[in-house]
Amino acid sequence: EKEEVNVSLKLVEEVTAEVAVRDRNMSGKITKSRSAANAEAISGMVSVNERILRECHNLYTDSENGLIRIADKLNLALLPPRKKITVMLMGNHSAGKSTFINWYVEEHIQRTGVAIETQGFTFVTSGRKRESLTGNATLHLYPHFKLLQDFEGLSEYLCTEISTSKQKKFSLVTFVDTPGLVDGDMKYPFDVDKAILWLGELCDLIFVFFDPMGQALCKRTLNIVENLNETHGEKLRFYLSKADEAGSESDRQRVLMQIVQELCKRPGLNKCGFDMPTIYIPNPNKTSRCVNQIDEVCKAIEKTINQTVQNTLNSLEKDCEVIADVVTGILKVDSEVSLYNRKARTKGCLFGLIGFMLPVFLLVTLIFGNLSRELLVVSLGEKMTQTLAVYLAPMHTFWAYIPDDQEMYIFLGLAVLSFLFLLLARFSFRTKTALSRKQKRQLTEKREYVQDVVKVKKKELYEEYLRQSIGDHDMN
């Protein structure tokens with residue numbers, strides 16, 4: 001038993017040592033190893049932002065009380081928030097797009113080189129295990145990108161690379177690596193320009209990499225950037241990649257000036273505050289005097305993640321208000337319908353009563369008017385006969401003024417009048433469809449769930465998000 005205990009302790013120490021190991025990544029910084037990152041993932045140590053986005057997504061997609069399920073029953077169209085932001089990288093070939101992804105993920109996922117390695121669109125995301133998906137599987141994983149299959153020839157050039165990396169903010173990011181853009185006779189198997197423009201509408205960030213050693217002033221790249229800037233200028237970020245290979249500082253400044261001048265020639269791109277940080281992949285074995293602003297790229301991603309969390313929480317509250325307002329409107333309309341139905345039934349009963357009682361009263365007066373008083377006294381008694389005479393006196397007077405030869409016409413006229421009242425009663429009884437008690441109870445429960453559960457949960461998540469940067473004493 002002691003030997004078994006010693007062996008177990010040894011295994012625990014080995015696992016602990018493996019988790020505690022620190023490897024030097026591509027940037028030369030000391031970071032946690034992949035084993036340590038995966039150990040944190042297994043133990044449930046996820047960031048606050050990641051957990052908030054997951055919980056918001058679950059509030060929409062829950063099979064029983066999800067907002068999407070509730071909205072469908074109310075004929076509302078809601079979309080679940082995404083659990084990750086999407087960052088698209090574009091630029092000329094060999095601009096360092098795939099290299100940057102490998103550096104950010106800290107895993108060699110994308111092929112890199114001077115040649116055009118990325119010929120299609122590659123989605124790079126985090127997951128439970130390392131996996132590569134083809135075009136159909138990619139569209140199944142990302143249903144909001146399903147319209148890409150409408151681009152002729154593009155489906156065969158779609159793929160997804162799933163990595164287990166938890167480095168930086170990768171668990172909240174999906175990268176879209178686009179084909180390297182070139183001018184001249186280069187032919188793509190699909191319309192690359194339209195595909196990039198379409199993807200730009202759905203992505204949260206668009207990184208444009210300019211390679212100082214390659215075709216930085218590629219006209220195809222500049223044309224796409226100009227078109228993207230017209231509608232999605234707030235998503236664009238420009239970077240001078242491989243800045244350490246541009247020679248001396250004066251050479252880098254010259255290249256930057258050429259690129260900026262070419263961009264500013266395009267309408268819409270000539271704007272105040274234009275910025276193009278110089279970035280390159282750090283190499284601990286190679287020193288460079290060039291200022292590396294690659295951390296600015298990471299900050300842009302992190303800032304977008306924070307904005308996405310805020311937008312998701314705001315959208316959650318707005319969708320709750322929309323659902324509550326729709327339910328309130330339905331119940332209000334149903335209340336008006338119920339009032340209309342009560343009025344309709346009242347009028348119908350009144351018309352029906354008149355149409356039914358009119359011939360009955362006429363028939364009674366006719367019968368009792370022709371009977372002798374003695375027979376009525378014998379049948380009903382003296383007191384009842386007198387009471388009946390008082391009530392029927394107006395009818396006797398009415399019939400007394402009518403000649404005998406016109407009584408038949410009066411009977412026919414009253415019969416027609418009775419029929420008209422019965423007809424009006426039938427039309428008045430036409431009611432509108434109202435909600436049943438069960439339906440009203442279900443709607444009320446849904447409204448209470450949205451207001452008392454979802455909105456309260458949203459408030460708790462917002463407070464948790466704010467506590468990352470604000471102290472408890474500043475929270476109301």
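The structure holds 13 salt bridges, each a side-chain nitrogen of Lys or Arg within 4 Å of a carboxyl oxygen of Asp or Glu. This is a predicted model: local features need pLDDT of at least 70, side-chain atom pairs count only at pLDDT 80 or more, and totals for chains, interfaces and linings use all residues. Residues are numbered from 1 along each chain as its sequence is written, and side-chain values use heavy atoms, with hydrogens and water left out.

**Within one helix**
- Arg-51 and Glu-55 form a salt bridge, 2.7 Å from N to O.
- The two sit 4 residues apart in helix H3 (residues 48-61), about one helical turn. Helices (H or I, at least four residues) and strands (E, at least two) are DSSP runs, numbered from the N terminus.
- Arg-51 is partly exposed at 27% relative accessibility. Buried means under 20% relative accessible area, exposed over 50%, partly exposed in between (1.4 Å probe, protein chains only).

**Between loops**
- Glu-107 pairs with Arg-130 in a salt bridge at 3.3 Å, N to O.
- Glu-107 lies in the loop between helix H5 (97-105) and strand S4 (121-126), and Arg-130 in the loop between S4 and strand S5 (131-133), so the pair ties together parts 23 residues apart in sequence.
- Glu-107 is buried at 18%; Arg-130 is partly exposed at 35%.

**Between distant helices**
- Lys-458 and Glu-317 form a salt bridge, with their closest N and O atoms 2.8 Å apart.
- This pair links helix H14 (residues 437-466), which holds Lys-458, to helix H10 (residues 294-370), which holds Glu-317, across 141 residues.
- Lys-458 is buried at 12%, whereas Glu-317 is partly exposed at 27%.

**Network**
- Salt bridges with shared partners join Arg-51, Glu-55, Lys-457 and Glu-464 into one network.
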